[in-house]
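Q: I am new to reading structures. Could you walk me through a few features?

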Amino acid sequence: METDISNNQVSSEEEKMSRSLKKFLLVLNGAMLGIGNCGGPLIQRLYFLKGGKGVWISCFLQTAGWPFIIFPLSVSYLYRRRKKGSRTKLFYISPHLFLACAVLGVLTGFDDFLAASGVSLLPVTTYSLIIATQLGFTAGFAYILVKQKFTPFTINAIFLLSVGSVVLVLHASSDRPAHETDKQYIMGFLMTLGASVLYGFVLPLIELTYKKAKQTITYTLVMEMQMVLSFFATAVCTIGMLLHKDFEAIPREARDFELGRAKYYVVMVCTAVFWQFFFMGAVGVIFCHSSLLSGVIISGLLPVTEALAVLFYDEKLRVEKVISLVLSLWGFISYFYGELRQIKKLRIRLQN
């Protein structure tokens, strides 16, 4: 009986979610995704540039910000309780969804390790361009897992964004940091590419989880799922830290950090916040639209990340990176132009 009441409550909330509210959530989550996507790699790279050496520590910080989600969940619960009384459930997530999110969290934990390994060895500009290849993997897995439909503009966007990344790959060796060996650079390249493939798989898998859920998906439920996902990802990274005795290394790293002990911990907190923005934004965009759009935003904001890396870290913006940026921007515009055409066609059809 309690389950039936809960399901009715969720259905009622879903029905009340207006189109304008969903657009607002899409913009909000797109903004969070953009902030995390640009700021995450920059602050994470700062950790390594100024003396940090713990790959598992950096990996841990990518999802360690999950407790921040408790605040909006608490606000949502208090709001529901005020309107619906004591029968309001504390959580909506079912055991089936909890298990699915746990598996997604473990995959995300390994993806975090690959990404942290890559950003520890590569310049931000190179890292970001390789990560942008995930759009191609996202598109492929979305077609297989959720039967994603492609328009000519979508295909053109995927092609341009993928080619932009390939251009960098062909000239990647010219960007190797002076203090690193060829072996280290290649390892960083392969780790980053692996992170790109794995996250390209995780995004459509999250969308598939939404579609296969045996309950109505609301934004509150999305936040609960993200909290569970991040918790298990953090657990994977915690095990890695324990095995490598990284918890013992934190005070030593803080003491030797070039910016000072206090700023070491500020960098750690900022890393956790930026990456939590990224992950919450990614799942939110999937909820409001699709995993493909989430991938397009990640790849399309590449020029911003590149510009910030050149500005703050004085990284070189070589010709091949400029070409890659232009192709990425072109692909980003192509995708959204196609989306606008589809919306226009739908409106005309509804009017007729």
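A: Start with helices: a helix is a DSSP run of H or I with at least four residues, numbered from the N terminus. Here, S58 sits in helix 3, which spans residues 55-61. The model is predicted, so local features need pLDDT of at least 70 and side-chain atom pairs pLDDT 80 or more, while totals for chains, interfaces and linings use all residues. Residues are numbered from 1 along each chain as its sequence is written, and side-chain values use heavy atoms, without hydrogens and water.

Q: Is S58 buried or exposed?
A: Buried means under 20% relative accessible area, exposed over 50%, and partly exposed in between (1.4 Å probe, protein chains only). S58 has a relative accessible area of 1%, so S58 is buried.

Q: Which residues is S58 in contact with?
A: Contact means heavy atoms within 4.5 Å. Leaving aside neighbours within four places in sequence, S58 touches Q44, Y47, F48 and A116.

Q: How many disulfides does the structure hold?
A: A disulfide is a pair of cysteine sulfur atoms within 2.5 Å. The structure holds zero. Take C38: the closest cysteine sulfur, in C270, is 16 Å away, so the two are too far apart for a bond. For C288, the closest cysteine sulfur is in C101, at 16 Å, again too far for a bond. C38 is buried, at 8% relative accessibility. C288 is buried too, at 13%.

Q: Which residue forms a salt bridge with R255?
A: Side chains of opposite charge can pair when their charged atoms come close. A salt bridge puts a side-chain nitrogen of Lys or Arg within 4 Å of a carboxyl oxygen of Asp or Glu. The count here is one. R255 pairs with D256, with the closest N and O atoms 3.7 Å apart. R255 is exposed, at 53% relative accessible area.

Terms used: Helix = DSSP H or I, 4+ residues; strand = E, 2+ residues; numbered from the N terminus.
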